[in-house]
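Trainee: Could we go through the labels one by one, please? I would like to see the cut-off behind each of them.
Mentor: Gladly; here is what we will be looking at.
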Amino acid sequence: MAESDGQERTEQATPKRQQEAREKGQVPRSRELATVAALLAAAGAMIGMGDSLTRDLAMQMQRGLTLTREQVFDTAAMPALFLDAVFEALWTFMPFFVLMLVVAIAASAVLGGWAFTAITFNWEKLDPIKGMGRVFAWRGLVEMLKGMAKFLLVALAALLLLRVMGEQFLGLGRESLSQGLAHAGSLLSWAFLLLSATLLIVAFIDVPFQLWDHQRQLRMTKQEVRDEFKQTEGSPEVKGRIRRMQMEIAQRRMMAEVPKADVVVTNPTHYAVALRYDQARGDAPVVVAKGSDLIALKIRNVAQENDVPVLEAPPLARALYHSTDLEQPIPVGLYRAVAMVLAYVYHLRQGPVYSREGVVTMPDLPIPDDLRRDE
């Protein structure tokens with residue numbers, strides 16, 4: 001189907017498009033499947049409950065026709081007796097009605113599930129012009145072909161049933177009244193079941209067709225897919241701006257942790273990693289800030305402004321930067337090297353003259369080969 005801009009609907013519907021269609025009540029439906037399910041359920045119920053229904057109705061009819069002389073001549077009693085008989089008959093047929101209701105609802109929801117938004121009144125469907133357009137559209141042609149197919153199938157099945165069961169129907173006249181009625185009910189129930197089963201052929205063809213037609217109606221043009229992607233994911237410019245804002249917020253939060261660090265280990269210029277160790281808890285040291293190049297320079301400046309020791313240990317700085325995430329404890333392989341750094345820092349703090357200005361160098365630290373990085 002061509003669009004006004006010349007594009008064709010060649011793309012499969014996206015999940016968002018399918019969800020919007022479901023919210024509008026546009027879901028696949030097969031009336032043939034629902035019809036066949038209802039007919040088969042009715043036939044099965046007639047076969048399974050036919051005897052009990054017949055006995056109950058016979059007893060109700062007998063009670064309803066057994067009247068006393070007072071009831072016959074009482075004009076007020078007859079309407080009450082009639083209503084009692086009606087309600088008793090409805091109660092007898094209640095299991096049959098409930099079964100039909102459940103089957104009808106379940107069969108309608110097999111393909112597309114529940115779509116309560118579709119239960120709305122649409123005035124446009126009363127438009128005779130649009131109605132004629134639907135009749136002469138290709139879907140109307142499909143419905144006409146399905147109707148003809150159903151008629152031919154049922155007619156052919158009926159002819160075959162008459163040929164096979166004709167003698168049994170003709171033999172009903174030779175049976176007693178009660179036996180003939182019971183036999184006739186059984187023959188009609190089985191005939192109804194077989195005639196309904198022939199419509200399964202139409203349902204088996206209609207179900208895949210309805211699924212295909214539903215997907216065809218939801219197809220999208222390439223431009224619609226691109227527009228939806230922009231609406232869902234956002235334009236690249238907006239996403240880039242949001243990403244930059246998130247990075248700035250994360251950096252400000254990280255820089256706020258640098259003054260709380262015990263030491264900053266540097267590369268000296270490419271990397272900087274700030275460590276904090278809680279002696280009271282006794283856990284492993286935690287990386288509270290890290291960065292490279294300009295961010296590393298900013299970490300060093302913040303550390304020096306807040307009197308946090310800055311120590312040059314290139315192998316350790318590279319290992320910490322590449323192996324540990326923010327707010328995570330250092331790996332076990334770096335415990336020894338970091339312990340030496342912290343011990344050195346604590347030793348400086350306990351000295352008689354202690355100044356945190358300047359940078360101390362500790363190049364020789366034990367770094368495991370699996371954590372060592374050359375860059």
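Mentor: Let us begin with contact, which means heavy atoms within 4.5 Å. With that in hand, residues 24 or more positions apart account for 76% of the contacts in the protein with a separation of 6 or more. Please keep in mind that this is a predicted model, where local features need pLDDT of at least 70, side-chain atom pairs count only at pLDDT 80 or more, and totals for chains, interfaces and linings use all residues. Residues are numbered from 1 along each chain as its sequence is written, and side-chain values use heavy atoms, with hydrogens and water left out.

Trainee: How many helices and strands does the protein have, and what makes a run count as one?
Mentor: There are 13 helices and six strands.

Trainee: What makes α2 and α8 roughly antiparallel?
Mentor: The axes of α2 (residues 31–65) and α8 (residues 200–217) cross at roughly 150° and come within 8 Å. Axes are lines fitted to C-alpha atoms, for helices over the stretch in contact, with angles from 0 to 180 degrees between N-to-C directions. Angles under 35 degrees count as roughly parallel, over 145 as roughly antiparallel, 65 to 115 as roughly perpendicular and the rest as oblique. The pair α2 and α8 is therefore roughly antiparallel. The crossing of α2 past α8 is left-handed, a term for the near helix being turned anticlockwise from the far one by less than a right angle (right-handed if clockwise).

Trainee: Which residues meet there, and how do they divide by class?
Mentor: On the α2 side they are Arg-31, Glu-32, Leu-33, Val-36 and Leu-40, and on the α8 side Leu-200, Val-202, Ala-203, Asp-206 and Val-207. That gives seven nonpolar, no polar and three charged residues. Nonpolar covers Ala, Val, Leu, Ile, Met, Phe, Trp, Tyr, Cys and Pro; charged covers Asp, Glu, Lys and Arg; the others, Gly among them, are polar.

Trainee: What about α7 and α8: parallel or antiparallel?
Mentor: Helix α7 (residues 177–198) packs against α8 at an angle of about 30°, with the axes 4 Å apart. That angle makes α7 roughly parallel to α8. Ser-196, Ala-197 and Thr-198 of α7 make the contact with Leu-200, Ile-201 and Val-202 of α8. By class, the contact of α7 with α8 holds four nonpolar, two polar and no charged residues.

Trainee: And why are α2 and α7 called roughly antiparallel?
Mentor: Their axes come within 9 Å and cross at roughly 160°, so α2 and α7 are roughly antiparallel to each other. Here too α2 passes in a left-handed crossing. The contact of α2 with α7 has eleven nonpolar, two polar and no charged residues.

Trainee: What makes a set of residues a nonpolar core?
Mentor: The members are buried Ala, Val, Leu, Ile, Met, Phe, Trp, Tyr and Cys residues joined through side-chain atoms within 4.5 Å. Buried means under 20% relative accessible area, exposed over 50%, and partly exposed in between (1.4 Å probe, protein chains only). Buried residues make up 30% of the 375 residues in the protein. The largest nonpolar core has 23 residues, of which Leu-275, Leu-316, Leu-320, Leu-334 and Val-338 touch the most other members. Its largest share, six residues, comes from α13. A second, separate core of 15 residues includes Val-258, Ala-272, Ala-289 and Val-308.

Trainee: Why is Asp-307 called partly exposed?
Mentor: Its relative accessible area is 41%, so Asp-307 is partly exposed. Asp-307 lies in the loop between α11 (294–305) and β4 (310–312), and has a positive phi of about 60° although it is not a glycine.

Trainee: What puts Glu-327 and Arg-372 in a class?
Mentor: Glu-327 has 45% relative accessibility and so counts as partly exposed; this residue sits in the loop between α12 and β5 (328–329). Arg-372, at 35%, also counts as partly exposed. Leaving aside neighbours within four places in sequence, Arg-372 is in contact with Pro-315, Leu-365 and Ile-367.

Terms used. Helices (H or I, at least four residues) and strands (E, at least two) are DSSP runs, numbered from the N terminus.
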